[in-house]
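Q: I'm new to this structure and would like to go through it step by step. Could you show it to me before I start asking?

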Amino acid sequence: MTSTALRGSADRDWPALRPHLSAFDPEAFVRPVGRFVWEPVEAPRPAPAPTPLAGRRLLLVGGVRDLADAVGAALERRGARVVTHTPGSLPGADGWDGIVDLNVVGRTYELGDTSWRRALAGTTEAVRGAYARWAAEHRYGHHVYVAVTHLGGLGGHGDGPVPQPLSGIWAGLAKCLPRELPAAGLVVVDVDRAEPEVIAEAVAQEYVRPEDFEVCYRAGRRHVLAGRPAPTPPPGGATAPRPGDTVLVTGGARGVGFAAARAFAETFGCRVVVTGRGERPRPEGELLLGDEEFARWRRGRLATARTPAALAGVRREVRRAEDDRAVHRNLAGAAADGLRVDYLRCDCTDPDQVERVFAALGGGPTHIVHNAGIDEPARFDRKSADDVVRTVDVKVAGFANLVTAVLARPERRARLRLLSNVGSLAGRMGGMVGQVDYAAGNEALARLGFWARDDLGLPVQTLCWPTWERLGVIANYAAAVRYVSTLDPAEGARLWAAELASGHTGEAVFLGRIGAVLSPGQLRGFGTLTGHPDLPRLHALDHYLGSVERYEIFRTLRTSLSLEARRHPVLSEFRVGGDLAVPVSVVLEHAVAAGDWVVPEGWPLLHLRELRSLRVRLPRLRFTDDVLTLHREARGVRRDGDWCVDVSVRDDTGEDVASLTLVYGEQPLDGLPDAGPSIRAPRAGRRHGGHLAWEGVLFPDAPGLLDGEGPVPAVYPADLWTVPFPPFPTIDPAAVEALVRAADQHSPRATPGTLTAHRLTATPGAQRVEHLGHDDESDSWTGTRDDVPVLLAEGVAISD
């Protein structure tokens, strides 16, 4: 059989088949962003486990000693075996099952408190001690990291005080760890009272298979933090910068900070002072070279290195020269454009330098933008405690020093109209591999902002940004764009000016499109997000994910999914031997969905092209006591140059239910191949009643359907699933069920057996098939849409 080439498939309003891609073209990363705010929403408690902590070996880290001892005792009363971490000594040669991190809980924050540094060093030591074993463990949730925070029981977002805003360091750390430990369970648990029983009970509730990133307990009621769209507030009148005002931007001489500084000077006509850790670069030497000349200079300097140590030194020299050139060009360009942008030296972690800057500004700045930050990406197990503390210090100590300088003199406090913190999506929703400490510092800023607003009465806002296109401190841009889309600097500068003009206090998060890099644990972090264009995709991933049992990134996924009879329309439609059963199309889609998680390293763009060697044991599809639990295992492998995912599905008894191989290619098929040699279906006489039956509500036996003369009845996701975002099918369920019906009507068996298909080949458009036609010579079925072949099914039969 010859298939007509599919033309214009890219222009059709049907998605490509299961592409392992982000919601944006990987060749064009920039996408508009939406503005979101987070707020606590009451949520039900998880189903209680009889003894959730029984026999668990827990390492207790941080906290005031008396509180830690009491929490340890409370956890032991719940069956846990608790070891308390002592800095410099990691107990337990065999390791521990989980870490309960009390960090700085038990200490009420005071401005400038530095006790967090030792606590964070202890956390770093503990996590690094567990890292190798946890990374090698693929049983999902076998190890759990619980960060206990004391932000008021609503994550700092509700009313009331924020007793310990530096708990935000550990919230950011915990939300980023799933990138590096994708099989571990990680959860942030916020409590309103730093009391042993309150903490122990919250840990016991959330420890086993944590489902949410951030859980909050206030007055015994459970909340989660949910994101929702929110427009930028209107300009605040007297709050917006004016020509006579001064805006101080820490770390603002390059990258994102300078893009914002220019926008402020252009938009408001004000003076902007940017800072850097070194003196203002002098226009001499390498700074005056053209781009080509500088490139030759750089190559020449690198060529002089003869040892690894020398090469490292030369690279530092080159990096300083590159940074100085950027600063010089930025400042010179602003001056040439008539903008009032000045430069002052200031390391914001040094309180004396901060004070000198304020003194140089006379009465102090009217607006402060705390933008300074460093990002030195490396996996957490490769970072020392000093490395981690240094990264967080720029955000946390820098903020404390700025606030201290404001409060040092009444006229400064009276003059300040807004302090704008620069946070990051890495803190709010988890960053990329290597950004655990960067995420920790940024998430701390938002919580410090809440504290300074509510306890000190200062006007503080925090803006959490994605990666700006080719700007900022992100060291690995190519990796960053796999996580989220990037922001056009012009749009970012415009949005930032609007936020500054509004004068709002609180946290705002700017979120573009979600990329391809997701782990099952990370997906849960999006579960409470509303109003985002990627929600259908994210909810579709979650719909078929089920309970994860094993996950090895790039290799394997094992899950269990329990389906309840009649809970959704599609689960009321099919019968095997008179008994209600799960339709074959549902099992097929469940198997195909596994391929979304088992992808090659690097997350290349791949499209599903074929389903090979399909086998479904029809009797195993029956519900037992109205429930069928499907245990799915998927393994990825390169085979004959293709990326293949072998999927097997079993039931609770361990019996095989289904198996198939998914075959992916770099491009979706533009046309169907000729039907090759296939397994021929038995061609007994046509039956008038097989052992399979359909209610006919969703999948009616339309006249002429199996003779290629009648249309395939249309069925859409909302017809099948009663969920907020019904998942879009990979291959039209009505076409799949029609093929099963045809195989049943031509089967000579006296009892339902095993459905087999040699190969299903599909092009974009197979999500909706209008006609099915059979070719007797090749014993294959062709599905068409708009007279264009979009589905080829070979060797469909029911056999032993």
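Q: Let me start with strand β7 (residues 214-218): how many of its residues are buried?

A: In β7, 4 of the 5 residues are buried, and the strand is mostly covered. Buried stands for under 20% relative accessible area, exposed for over 50% and partly exposed for what lies in between, with a 1.4 Å probe and protein chains only. Strands are DSSP runs of E with at least two residues, helices are runs of H or I with at least four residues, and both are numbered from the N terminus. Before we go on, please keep in mind that this is a predicted model, in which local features need pLDDT of at least 70 and side-chain atom pairs count only at pLDDT 80 or more, while totals for chains, interfaces and linings use all residues. Residues are numbered from 1 along each chain as its sequence is written, and side-chain values use heavy atoms, with hydrogens and water left out.

Q: Okay, and which way does β7 pair with strand β6 (residues 185-191), parallel or antiparallel?

A: β6 and β7 pair in the parallel sense over 4 bridges, and V189 has V215 of β7 as its bridge partner. Two strands count as paired if DSSP finds at least two bridges between them.

Q: What about β7 and strand β8 (residues 221-229)?

A: Those two run antiparallel and are joined by 4 bridges, with C216 standing opposite H223 in β8. They form a hairpin with 2 residues between them, and A219 in the turn has a positive phi of about 55°.

Q: Where else is there a positive phi in a residue that is not a glycine?

A: D786 has one, at about 55°, and D786 sits in the loop between β27 and β28 (788-794). D779 also has a positive phi, near 55°, and is found in the loop between β26 (771-775) and β27 (780-785).

Q: Is D779 buried or exposed?

A: D779 counts as buried, with a relative accessibility of 3%, while D786 is partly exposed, with a relative accessible area of 40%.

Q: Switching topic, what is the strand order in the open sheet of 3 strands?

A: The order is β19-β18-β24, and the pairing is antiparallel. β19 (579-581) and β24 (692-694) stand at the edges with a single partner strand each, so one side of each has no neighbour in the sheet. From one strand to the next the twist averages 35°; angles run from 0 to 180 degrees between N-to-C directions, and axes are lines fitted to C-alpha atoms, for helices over the stretch in contact.

Q: How many bridges join β18 (residues 574-576) to β19?

A: There are 3 bridges between these antiparallel strands, and V576 has D579 in β19 as its bridge partner.

Q: Which helix lies across β18 and β24?

A: That is α19 (residues 733-745), which runs at about 140° to β24.

Q: And how does α17 (residues 584-593) pack with α19?

A: Their angle is about 120°, with the axes 8 Å apart. They are therefore oblique to each other, a class that takes what remains after roughly parallel (under 35 degrees), roughly antiparallel (over 145) and roughly perpendicular (65 to 115). V584, S585 and L588 of α17 make the contact with P733, V736, E737 and V740 of α19, where contact means heavy atoms within 4.5 Å.

Q: Which residues touch the most other members of the largest nonpolar core?

A: They are L611, L621, V647, L662 and L755, in a core of 99 residues. The largest share of this core, 8 residues, comes from α19. Such a core is a set of buried Ala, Val, Leu, Ile, Met, Phe, Trp, Tyr and Cys residues joined through side-chain atoms within 4.5 Å.

Q: What does L621 contact, leaving aside its neighbours within four places in sequence?

A: Its contacts include F574, A581, V582 and V584. Elsewhere, a second, separate core of 68 residues includes I169, L186, V394 and V460.
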